Amino acid sequence: LEQFLNLGFKAMVVVVNEKFLGKRYLGRILDNDLIEEFKKIGIDPSGENGEYHTVVLDGPIFEYEVKVKRHKILYNQGYYFQTIQLINSV
């Protein structure tokens with residue numbers, strides 16, 4: 001995860017499992033501060049146990065950053081989902 005961030009990748013939290021995290025984490029950009037928060041809470045910072053999922057928006061393999069706008073929050077079977085809308089035009 002540290003290497004992922006150091007390489008310049010940017011990811012946004014778009015799904016959280018309510019057993020581990022509240023919906024307030026939706027839309028947060030994964031960075032060192034958020035990783036420290038996850039450690040304090042006691043969850044795997046990489047989300048390897050299904051605590052959260054991300055969408056990657058930028059990085060060294062991207063031609064351009066994917067820009068999105070946060071939309072509705074949905075809930076289904078213990079998971080909150082941050083819907084997003086693409087605002088890029090290529």
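Colleague: How is β1 placed relative to the rest of the structure?

Modeller: Seven of the eight residues of β1 are buried, so the strand is largely enclosed by the rest of the structure. Buried means under 20% relative accessible area, exposed over 50%, and partly exposed in between, with a 1.4 Å probe and protein chains only. Strands are DSSP runs of E, at least two residues, and helices are runs of H or I, at least four, numbered from the N terminus.

Colleague: What are the caveats?

Modeller: This is a predicted model, where local features need pLDDT of at least 70, side-chain atom pairs count only at pLDDT 80 or more, and totals for chains, interfaces and linings use all residues. Residues are numbered from 1 along each chain as its sequence is written, and side-chain values use heavy atoms, with hydrogens and water left out.

Colleague: In what order do the four strands sit in the sheet?

Modeller: The sheet is open, ordered β2-β1-β4-β3, with antiparallel pairing. Two strands pair if DSSP finds at least two bridges between them. At the edges are β2 (52-58) and β3 (68-76), each pairing on one side only.

Colleague: How many bridges link β1 and β4?

Modeller: Three, between residues 10-17 and residues 79-86. V15 stands opposite F81, and V16 has Y80 as its bridge partner.

Colleague: And on the β2 side, what is the partner of V15?

Modeller: H53. β1 and β2 pair over six bridges, also antiparallel.
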